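The following exercises are to be worked through with the sequence and the coordinates at hand. Each task is followed by a stepwise solution.

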Amino acid sequence: MTEMFISLMIIAGISAFTPIVARIIPKQIVPETVLLIVAGAILGPNMFDLIKADSNAITVLSELGCAFLFLLAGYEINPRVLTAKDGKKGLATWAVSFLIAFILTSFLPQLASGTQGKIATALLFTTTALGALMPILKEEGIMDTVIGDKVIAYGTWGELATVLAMAVLLSTRATWATGLILGLLVIICLWISFIANKAVEHDTRLYNFIETKAKTTSQSMVRLTILLLILLVAFSAVFELDIVLGAFAAGFVLRYISPADNKDLEEKLDGIAYGFLVPLFFIVSGAHIDLAAVLKYPILLVVFILGLVLIRAIPIVVSLSLEKEKEDKLDIHNRFSVAFYCTTALPLIVAITGIAQRAGLMQADIASVLVAAGALTVFVMPLLGKLTYSLVDADPVNAVVEIFHSPREMMKIIHKHIELERSRAREYREMVRETIQSRIDQIQDPQEKAAMLALVKRQQAENQAFTKEQIKEGQDLWNKHKQEIIDLYHQFHQDQDPDQEIFEYFEDSRK
């Protein structure tokens, strides 16, 4: 018991100081997630042995952190995304990646043995760590952008399809039995959604009571959310499915039954998850990495990461390049940005290697290297995604050529091209401001024109004062600005809504 509390104290300390360390690092290029994993690896049982990662209590907390991570990932996803055009392309791309991976793993028999081992290895190359990616996308302000939407569409299937494939292909039971269990899970989710939605729609006495208690010490909505999560996770555990599936399902159900503007509940869940449980999960995941084994197989580490790029990233780039509508087709650097983000992998690598190890299909050393490679992608892939996303007009091809010729000058070259991009971005913002001014000048009513001009100036001043640390509040500020524009427009145009184009101009001016 004493060792467990000491381990928790160390984990809490790492969680508390990691944001400070991430801030100190120049340009904050290392995500907090990576620092948590590295700290876990150094202080875990394979090095200094200060964190007892195999303790039952810490294992349960880590699993709960993983569950919360995927609950929030599922909650962020609009179910319509799965069946929309990008969602369908995301599923098709995942299927292509799995087929390529299954063929190529025939040439890597040393990773895992038998047909089941081959399937497990193939799945490792197809996953997207959407749960781990969500905090990074939020930190970088990419959520709710075109790139962010594409990452969600492709990344959702990279996670969900892999989980479903794990349940069906790596199960020791008959396929029909697994299908029956998955069908039962779907029925339970639909039943919960139906009951909860009816209670909300009909404004029942029970719902009103729960809502009344939501902001008291009862915290009724948080308790019911945790009950929903643990119910579906327990279902997954009882029927030997990965808990990620139950957690994902809980997120989808919560998304369906919870009001879209329930910011209060979101903030409370974020506090529970990102305040303690999710960092604990990443630290414990890092503690299971054997750095000595990683050093023993350095080539395998590189091969696996390159394999992820070949099997997961390239098909996504190809899929995005096949877009027929010219206005919907992303620039080549943005296609690579989406692909790199979607090649981020970790939680499911931990799950799949764990299943393979328990089944005797994979050696512990190999599993450790693959988990380390997955952890490395959490740093490398978002960094590449961020660079290709940021270097919008900063000659990314020339940057790569310059780095190739002068690898020692890599950071200087990257900095130079980023500064070039920033300069062009300033020019673009100036052009946008001129466009907005031109549209304001076209307003005939002097009173409306003056009111709109004053509103724009005040909003621009608020945006300029907005700091990078306040990204999460940025969307709320934009929604507030949109509503102000709509209200003002209604005053002069008999409650007609303004054109969407107006919002696009104003949103561009924020960047």
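**Burial, backbone and confidence**

**Exercise 1.** List the buried residues of helix 16.

*Solution.* The model is a predicted one. Helix 16 spans residues 332-342. A residue counts as buried when its relative accessible area is under 20%. The residues of helix 16 that are buried are His333, Asn334, Arg335, Ser337, Val338, Ala339, Phe340, Tyr341 and Cys342. With nine of its 11 residues buried, helix 16 is mostly covered.

**Exercise 2.** Carry out the analysis for Gln219: locate the residue, give its phi and classify its accessibility.

*Solution.* Gln219 sits in the loop between helix 10 (205-213) and helix 11. Its phi is near 45°, a positive value in a residue other than glycine. The relative accessibility of Gln219 is 25%, and therefore it counts as partly exposed.

**Exercise 3.** Which elements of the protein have the lowest and the highest mean pLDDT?

*Solution.* For the protein, the mean pLDDT is 83, and 85% of the residues reach 70 or more. Among the elements, the lowest mean, 57, belongs to helix 19 (residues 396-405), and the highest, 94, to helix 11 (residues 220-238). Where pLDDT is low, predicted coordinates should not be read in detail.

Definitions and conventions. Residues numbered from 1 in each chain as written. Predicted model: local features only at pLDDT ≥ 70, side-chain atom pairs only at ≥ 80, totals over all residues. Heavy atoms only, no water. pLDDT = per-residue confidence, 0-100. Helix = DSSP H or I, 4+ residues; strand = E, 2+ residues; numbered from the N terminus. Buried < 20%, exposed > 50% of the residue type's maximum accessible area, 1.4 Å probe, protein only.
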